[in-house]
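Here is a short tour of one protein chain. Keep the picture in view and find each part as it is named.

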Amino acid sequence: MAFQPNVPPLQPHLCVKGGKAAIAFYEKAFGATCTFMQAAEDGERVMHANLALFGSEILLHDEFPEFGGHIMAPSSLKGTGVAININLPTPADVDAALAKAEAAGADVFMPASDVFWGARYGRLRDPFGHVWAFNAPL
């Protein structure tokens, strides 16, 4: 697959352990669509995947410590250094997104609430260690 024109100006690139399972989770939890996936030579890990979700796109790959370990999965780091913020149209969308992800296996550690900046906001950790924040104007 060649690099396509009109890619989003910002594309988070997630590193996970269990790329194929992560793709399946994001499809179920967030309604993602895998638009491209290249397996690694071992046939088990994901070398690269593109996932369309929430009107944008993320990139995803398995951890490859044999290539230097410069990018690691949250489980190897014992945490993550970034949260992915998803801006949604309505407060009800925040509640629905959190509920759908929780039903798919995410840990909602910050339930949705109305917050001081005038938004409905909540956070979850997906089964692969990535933190997602959902936000909508009140």
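Pro127 sits in the loop between strands S7 and S8. This model is predicted. Is Pro127 buried, partly exposed or exposed? Its relative accessibility is 48%, so Pro127 counts as partly exposed. Which residues does Pro127 touch, leaving out those up to four places away in sequence? They are Phe25, Gly105 and Ala106. Ser75 and Pro127 are 52 residues apart in sequence, and their C-alpha atoms are 9.6 Å apart in space.

**The hairpins**

Seven bridges join S7 to S8, and the two strands run antiparallel.

Met110 has Arg123 in S7 as its bridge partner. S6 and S7 form a hairpin as well, with three residues between them.

How enclosed is S7? Five of its seven residues are buried, so S7 is largely enclosed by the rest of the structure.

S3 and S4 form another hairpin, with two residues between them. The table lists a turn residue with a positive phi for each of these hairpins.

| Hairpin | Residues between strands | Turn residue | Phi |
|---|---|---|---|
| S3 and S4 | two residues | Phe54 | about 50° |
| S6 and S7 | three residues | Gly118 | about 80° |

**Helix H3**

Now look at helix H3, residues 91-104.

Which residues of H3 are buried? They are Val94, Ala97, Leu98, Ala101 and Ala104. Seen down the helix axis, these buried residues fall within an arc of 130°, so they line one face of H3. The face turned away from that side carries the exposed residues Ala92 and Ala103.

What covers the buried residues of H3? The cover includes helix H1 and strands S6 (107-115), S7 (119-125) and S8 (131-137). Just after H3 comes Gly105, with a positive phi of about 120°. Gly105 is also one of the residues that Pro127 touches.

**The four-stranded sheet**

Turn to the strands S1 to S4. They form an open sheet in the order S1-S4-S3-S2, with mixed pairing. The edge strands are S1 (13-16) and S2 (33-39), and each of them pairs on one side only. On average, neighbouring strands of this sheet are turned by 20° against each other, with direction ignored.

Take the pairs one by one. S1 and S4 run parallel and are joined by four bridges. Here Cys15 stands opposite His61 in S4. S3 and S4 run antiparallel, with five bridges. Ala52 stands opposite Glu57 in S4. S2 and S3 (residues 46-53) are antiparallel too, over six bridges. Ala39 faces Val46 in S3.

Helix H1 (residues 19-30) lies across S1, S2, S3 and S4 (56-62). H1 runs at about 5° to S3.

**The cysteines**

Last, the cysteines. A disulfide is a covalent bond between the sulfur atoms of two cysteines. To count as one here, the two sulfur atoms must be within 2.5 Å. How many disulfides does this rule give? The count is zero. Cys15 is in no disulfide, and the nearest cysteine sulfur, that of Cys34, is 16 Å away. Cys34 is in no disulfide either, with the sulfur of Cys15 as its nearest, 16 Å away.

Are these cysteines buried or partly exposed? Buried means under 20% relative accessible area. Cys15 has 2% relative accessibility, so Cys15 counts as buried. Cys34 has 25%, so Cys34 counts as partly exposed.

Technical notes. Residues numbered from 1 in each chain as written. Predicted model: local features only at pLDDT ≥ 70, side-chain atom pairs only at ≥ 80, totals over all residues. Heavy atoms only, no water. Buried < 20%, exposed > 50% of the residue type's maximum accessible area, 1.4 Å probe, protein only. Pairing = 2+ DSSP bridges. Axes fitted to C-alpha atoms, helices over the stretch in contact; angles between N-to-C directions. Contact = heavy atoms within 4.5 Å. Expected span 1.5 Å × (residues − 1). Arc of directions from axis to C-beta.
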